[in-house]
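Hi everyone, thanks for making time this morning. Let me put the sequence and the structure up on the screen, and then we can walk through them together.

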Amino acid sequence: MSLSIPNVEENQIFRPDSSDIIRIDELSRKFGSYVAVDHVSLTVRERNIFGLLGPNGSGKTTLIRMLCGILRPTSGKAQVLGYDVVTESEEIKKSIGYMSQQFSLYSDLTVIENITFYAKVYGVTWRQRKERIDEVVNIVGIKPYLNQLSGSLSGGWKRRLALACALVHKPKLLFLDEPTAGIDPVARRDLWNLLFDLSATGTTFFVTTHYMDEAERCSHLGYLYFSKLIACGHPEELKEIPQVTPEGCVRYELKIDRLTEAMRELLKMDFVQDATMFSDAIHILIEQGYEEELKQSIQEKGFHIKSFQLIRPTLEDVFVTLTRSFGKE
Ligand code: ADP
């Protein structure tokens, strides 16, 4: 059986009339009557690391699958690398890299055999193959494991190998669906450093994640909630959204003993607009000028304040606030 193999040089075609790497306009996808992606519009530019966040089931994978040309939208339009996701999906599949949550590595093949297999599938010509394979092996730093069976690698190394396979045809755009799920913090940091290196050399990333520290590292973010894109922009821009810190309000980080009980007491106070627990602290949004009253009231109730500091909203504050206000609409 012969495999139809696209030529890698063709993969590099990027239409000159398209300045955006991804352009999405009112894209929707229904499964039966359920709307999994609801009129999403956004743009991703070259070298962006675009992070897509949102709770489980909010539509992230469905959106990625439409952008990769694997799933047909119900309505709306999208272009990826200048190609239409419906009429030119084959071009898209050849030109992008996609590391899905269930990335397929052949566990009974060695590392080098897996990379070589994907190089062939993606149509890297035999002339370019060795150079390209050496290049991705160096990029992901997997040289010491080349002859190891991929099934015996740790989670972090499996992900690096999957990344090498997704990069072997030198795509300009890479989709990564939860690339760091289930790997340890060091492997997570290493993988992100790798994404930065690649982005500096011209690769654009569209990444889903649940981790806020990863979101902070993205150049741009989108937040999907109940199938709708409820926030989109640079992380610092999102922190400036007026809805997140309404006029006349300020946000403090409070470290205190008996966090849960303290939270309950704080929420009873009229001037406290919002309070959210973050590991060992509470972020409170209060009306400006009530700081002393707050401290006094909480101390009178027998709590011991360890610290009380004015803070800018974190991304988690942004998303918590936006999802709460979305629920009230
Ligand atoms: P996320 O990636 O944010 O976790 P998904 O895009 O996987 O969300 O799923 C969004 C919603 O669409 C979920 O409720 C999911 O059950 C539903 N869904 C996804 N794919 C299908 C499918 N092929 N058939 C029916 N429902 C689906």
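Predicted model: local features only at pLDDT ≥ 70, side-chain atom pairs only at ≥ 80, totals over all residues.

Residues are numbered from 1 along each chain as its sequence is written, and side-chain values use heavy atoms, with hydrogens and water left out.

Let's stay with helix H11, residues 291-300; helices here are DSSP runs of H or I with at least four residues, strands are E runs of at least two, and both are numbered from the N terminus. Its buried residues (under 20% relative accessible area, 1.4 Å probe, protein chains only) are Glu291, Leu294 and Ile298. Seen down the axis of H11, they fall within an arc of 65 degrees, so they line one face of the helix; the arc is taken from the directions from the helix axis to the C-beta atoms. On the face turned away sit Glu292 and Glu300, which are exposed, meaning over 50% on that scale.

Now to the ligand. An oxygen atom of the ligand is 2.7 Å from a polar backbone atom of glycine 57, and one is 3.0 Å from a polar backbone atom of glycine 59. From lysine 60, a polar side-chain atom lies 2.8 Å from a ligand oxygen.

Terms used: Polar contact = N/O pair within 3.5 Å; in protein donor to acceptor, adjacent residues only side chain to side chain.
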